Amino acid sequence: MRKKIVAGNWKMNKTLAEAQALTAEVLGMVADEVTNDAVIILCTPFPFLLTVKNQLGTNRIAVGAQNCSEHDSGAYTGEVSAAMLKSMNIPYVILGHSERRQYFGEDGQLLAKKVDAALRHGLTPIFCCGEPLDVREKNQHIELVKKQVEEALFHLDAAAIQKIVIAYEPVWAIGTGKTATTAQAQEMHAVIRQQLAAKYGHTVAQEISILYGGSVKPDNAKELFACADVDGGLVGGASLKSRDFVEIIKGVG
Ligand code: PGA
């Protein structure tokens with residue numbers, strides 16, 4: 001059975017001391033209050049990964065990176081490889097976030113290589129897809145998201161695709177306070193799962209966690225996570241506040 005996952009995406013926020021304080025708060029509240037068995041991931045900025053990982057110790061909460069290079073090593077100043085993350089035992093990496101696509105020009109071809117690099121080193125990619133507002137207004141959102149999934153993931157075989165977590169994040173909902181309705185989220189998640197089923201078969205498609213992202217908050221998490229094909233969330237802004245993040249985790253059930 002596929003896993004329920006709540007991943008916090010801290011983006012480029014927090015100082016080291018603030019990161020440690022947030023981690024300590026989340027740790028305490030999760031220990032005291034969370035009774036479900038959701039996988040919980042903190043995707044911190046690169047410089048904090050090891051500190052946060054050590055702070056979490058053997059706790060159930062895992063850490064993740066927010067990006068990695070498509071290359072394993074070499075003269076790529078400023079880049080971080082999947083091999084480096086693996087050497088630090090970082091299990092997860094977000095790939096293809098809309099901010100990476102928009103500000104850093106990441107496209108499907110590059111993301112396919114990043115996915116390969118992450119898998120080559122045993123990391124679990126959290127692969128993001130999602131349409132901008134103008135595409136939804138033109139009613140081309142399904143077509144675009146299917147293309148994003150196909151371009152970056154469909155070169156994988158059935159064994160490899162099952163190692164991927166997908167996050168559907170409509171760009172118009174990210175950081176805007178505008179959440180997709182449950183109907184909009186469920187529609188797209190079902191489309192992605194059907195697409196996976198058509199390519200890899202029903203059993204494989206049922207094993208892949210598909211997260212929703214885009215202004216997930218304590219007051220909408222529960223109903224979004226209750227949708228049949230929504231297996232948890234990728235949470236930006238609300239993951240920077242321990243109370244909000246923990247309430248969202250509790251929303252998984
Ligand atoms: P948000 O961000 O929750 O602040 O909308 C989500 C994301 O970008 O992953």
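A pocket here is an open set of grid points with protein on both sides within 12 Å along at least five of seven lines. All views come from a predicted model.

**View 1. The largest pocket and its lining residues.** This pocket has a volume of about 340 Å³. Its lining counts 14 residues, and the closest to the pocket centre are Lys-11, Met-12, Gln-66, Arg-100 and Phe-104. Helix 4, residues 98-104, supplies the largest share of the lining, with four residues. Sorted by class, the lining holds seven nonpolar, four polar and three charged residues.

**View 2. The second largest pocket.** Its volume is about 220 Å³. Arg-2, Lys-3 and Ile-5 are among the residues that line the second largest pocket. Tyr-92 and Thr-124 also belong to the lining, as do Gln-162, Lys-163, Ile-164 and Val-165. Glu-207, Ile-208 and Ser-209 line this pocket too. The lining has five nonpolar, three polar and four charged residues.

**View 3. The cavity.** The model holds one cavity of 30 Å³ or more.

**View 4. The shell around the ligand.** The ligand is surrounded by 13 residues. Closest to the ligand are Lys-11, His-97, Glu-169, Gly-175 and Ser-215. By class, the shell has four nonpolar, seven polar and two charged residues.

View 5. The side chain of Lys-11 places an N or O atom 2.7 Å from an oxygen atom of the ligand. Gly-236 uses its backbone: an N or O atom there lies 2.8 Å from a ligand oxygen. Gly-237 also contributes a polar backbone atom, 2.8 Å from an oxygen atom of the ligand. Taken alone, the ligand exposes 280 Å², and the protein buries 97% of that area.

Key:
Residues are numbered from 1 along each chain as its sequence is written. This is a predicted model: local features need pLDDT of at least 70, side-chain atom pairs count only at pLDDT 80 or more; totals for chains, interfaces and linings use all residues. Side-chain values use heavy atoms; hydrogens and water are left out. On a 1 Å grid over the protein atoms alone, a cavity is a set of points where a 1.4 Å probe fits but cannot get out, and a pocket is an open set with protein on both sides within 12 Å along at least five of seven lines; lining residues have an atom within 4 Å of a point. Grid points are joined across faces, edges and corners, and a volume is the space filled by probe spheres set on the points. Helices (H or I, at least four residues) and strands (E, at least two) are DSSP runs, numbered from the N terminus. Ala, Val, Leu, Ile, Met, Phe, Trp, Tyr, Cys and Pro count as nonpolar, Asp, Glu, Lys and Arg as charged, and the others, Gly among them, as polar. A residue is near a molecule or strand if one of its heavy atoms lies within 4 Å of it. A polar contact is a pair of N or O atoms within 3.5 Å; within protein, one must be able to donate a hydrogen and the other to accept it, and residues adjacent in sequence count only if both atoms are side-chain atoms. Accessible areas come from the Shrake-Rupley method with a 1.4 Å probe; for residues, only the protein chains shown count as cover.
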